Structures are given as C-alpha cells and as structure tokens.
Amino acid sequence: MSFLGYVRSDGSVGTRNYVLVIPQGIIAKSICDFVAGTKSILTVDHGSGRTANDREQIARLLIGLGRNPNVASAIVHAASPGVGYPELRAERLADEIAASGKRVEVLDPAKDGGTYGAMVRGIQLARMMVHEASKVRRERVGDEHLCLGVKCGYSDTTSGIAGNPAVGYLYDKIVAAGGTALFGETTEIIGAEQALARRAATPEIAGTILQAVAVQEERAKATGLDIRTVNPVPSNIKGGISSLEEKSLGAIHKAGTAPIQGVLKYAERPARKGLYFVDNWMGHLSIFAGYAAAGANVVLFQLGGGGVAGRTLLEGSPSVVAPFVWATANPKTYAAATDSIDFYSGTVIEGSETPEEAGERLYRTVTDIASGTLSRSETLHYTEPIDMYLQEPRF
Amino acid sequence: MPAKRALMMHPDDNVATAVEEIQPGDDVAIPVVGAVRALRATEPIPFGFKIALQDIPRGEIIRKYGETIGKASLAIAKGALVHIHNLEGTRARGDLAKGGKP
C-alpha cells in the first residue's frame, strides 16, 4: 500500500520530477528543446478574445499544472498574447504557483533583453532548476498521496464489462487508502446520473450532480439532434453500444463504489481527498490536462475498441506532467497495440481473472508507474496539443 | 458444439452481452447466480453486442446493468440482436424536443 515518490514542501508527493515552463510559446519551446527534464504545454489558445470566465479557466489550468506535485519548480514567461489580461499576468500565475512552496521564476522579454535575452536567461535558469530538482530522492509514501484521473474512450462493451470495473476496483482501493480519485465526462453520465447521485456524500452534492447533467442535457436538446448522431460516437456503436444511456451506465463503473465528495470544475483542485466528479468534457485532448491541473499525479485512459482498424500504436494524450497509462479489456485492441498498452483486463471476459484480481494487478501497475517505471506513452517523444475546455463564445 | 457465452450484468436485465461471436442457431449459455440460462440465437450476435433474453414488445424498456438503456423501437424476438436498429435512446433527444414523435 505504498509507492516511491518525491515529497514536496506542501506535503504533496510527486510521481515525476519536472521543471515546468509555461505558457507555451517560442521562449518555452526553446528552453525545453535545450534543457533535459523540462516540460511545457502546447495549446491553440492563449486567451485572446476570451471572456473573463474562460480566461480564469485558462489561468486555473496553468496554475494547477504548476502546482502539480510532479513539478519541482516552474518558469513562467510574460510573452504570451494573453498576458495583458489581469487573469493571465505572468506575476499572478507565478505567485499562485509559488504559494505551494515551489521555486518559480518569471521571464519578461521587456526586462530580460528581449525575446532572445529571455530565452538565454530561461535556459540558464532551467539548467540550474533541473539540476537542483535532481537532488531530491524518492521516498516510500502511502497511497493517500496518489491522485488519479480517468477517462474511458473508444468505448465498446468490453469497457463496461471488464475494463471500467478494473479501474473501479483501483479507485475504491485508492479512496479507501485516503487518496484522491477524479472522474468526469458529464455527457457520459446522462442516463446514469441517478445511480451516481445516490452515492453523493450529501444531498447538496447529489443536487449538483443532477444539475450538471440537466444543464448538459438541455444543451444537447437545444441542437435539435438525436444525441446518438453525436454521442455514442461511431466507434462506440461499432463496438456494440446502442445508446448514450448504455454508454453512461458502462462508463460509471470506472468510478468504483465510494461516496462522491463533490463536483469540480475543469482544472479545479479538490479541497479534500476522496472521490470527485469533474464537470468536464470527454475529449482526450482536453480532459487529462484538466486532471493534471487538479493535482492528478497519474492518469489513466481506459480504452475500448481502439477506434481505428490497424491502430497498432497508441500515442497517449496531453497530460503534461502526469504519467499517462493505457488500459484496455478488448482482446483485439490489446493484440493490435500490445507494446503501447500498460494494462490488459480482457482476462475478466476470458474467465481467467475476476474483476477484483484484475483490479489488484492494475493497482500494482499504477503504483509501479507512480514509483518511476515509465508508462508506455512516456517512452515516446510525442505530445498532442491541449484543447482547453472553454465554453463561452469568443469575441 | 459447446454453447456460446453471453453475460447478464444484472438479474433484472432483458438483454445479455455476447463475449464470443455467436451465429444463428447457436445455443447461448448465460451464467446467472447458481445456474445457467440457455437460449438459442436467431441472428448473428457479434462479440460485445446484445442478445434479447425474451420477447420484447415495441415500446418496452430495455434493461442492462439493471437500468434503462433505451426502449424497443420495434418488436424484438427472443434470441435476436438488440442494437440501434431496434433500440432507441430516451435521453438528450433534441430531435423529439423539436416536436418529433416519442
């Protein structure tokens, strides 16, 4: 019931030990290209023309990534097009990250000799910060320091029968140990919200879950479409899922059986430990970065059919600083992409393992990765851009 | 030939999920608590797809995981494939909100 992690000054524990450079841009890119052990992000949006609510959401993402326990220290630069807005000022981002006790440096081309000057200073700083971070040793700590985030995707019926139940076992085990577990995808709980509301720790939390679903369902209805033309997506239907309700009822198995302690916004940090529902969107380019910003130190993608025939390489999704774990229970998906997949629980369908045995094996996989074993996607130098979950119109 | 396997997720369900490729005429065995429920498939049921455990009249609720996953848009015979051609969702139906027929 433990793993080896990097204990931070605020008491949180990292499973990785990066220097984070944010926001994106040529300064961040040049630092990360030049200095080992650094991470940055890739987005298509800097906040320009965004409303205050959405700008705050972007700020929450950036600050949250900086505060993630997998980050030893951070560099924030003042060269992004969004930096003129008060929410996204480099000093504000830096101060809120530094409140967690981490070292944070600010680069400002106006003071650091222009863009080139900021790049050079950033490279020099990052080299020192990475070296400093490397002196921290992993220590054995309890599972209460794990914070997990999960999404299920390309779902098929193996997801509900054998994939998500293994994740659910893991979630129950981590929550019972005093850890934190996040799940979400509001559209994919439509049809399963009553089952989740019954598990809410308080009537108020139950109401918030039902309200999040009501808002999302009204948005769906306002399109005038049968949701089945949008979600379940074609690969879900090809995998045997016949309705959104069926997808949802299979999907919630990944959340285990623990009481739900609250409903969080995208990239919002939970106030306490336990199981939380995140009112977010299912997109893999969006959701994992949000979990990492909420403090997840390991994230899991529970994969169904794989989506595309002949998909033999699974490239991972942008989780920035959180190791990304691929799990599947579909024997065809596993056979096609064995060297990309960290965990297989099709054994439950084949009858050679119970869901509990598979879940116990997943627990060992996750704690090994938390302790430093690379996840399969971490062996690739490939990052897709983050599609931040912003809901308001742009002007 | 041994019976093909399908799984019931909850005792109240009226469909089961094939965990093998099932052909028309195949005997299907569904493990339930303390017994095995048997029926014969009337259509191909691909891996991961659902088979009707009983005759399901048009408009009747279809249950999996002990919960509603939709309703029958056509009468479904015992042993038939249950999928989008004969099951329709009941949630987030914008098409119905615009005055379509439920």
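Which residue of S5(A) does Val19(A) stand opposite? I find Ser73(A) there, and five bridges join strand S3 (residues 18–22) of chain A to strand S5 (residues 71–77) of chain A, the two running parallel. Helices (H or I, at least four residues) and strands (E, at least two) are DSSP runs numbered from the N terminus, and strands pair if DSSP finds at least two bridges between them.

I note that this is a predicted model, in which local features need pLDDT of at least 70 and side-chain atom pairs count only at pLDDT 80 or more, while totals for chains, interfaces and linings use all residues. Residues are numbered from 1 along each chain as its sequence is written, with chains lettered from A and ligands numbered from 1 in the order in which they are written.

I then looked up the sheet of chain A, which is open, has four strands in the order S4-S3-S5-S6 and is parallel in its pairing. Its edge strands, each pairing on one side only, are S4 (38–39) and S6 (103–107) of chain A.

Next I turned to the chain contact, where 25 residues of chain B are in contact with 27 residues of chain A (C-beta atoms, placed from the backbone, within 7 Å). On the side of chain B that touches chain A, S7(B) gives the most, with four residues, and both strand S7 (67–72) and helix H1 (94–97) of chain B supply at least two residues each.

Key:
Contact = placed C-beta atoms within 7 Å.
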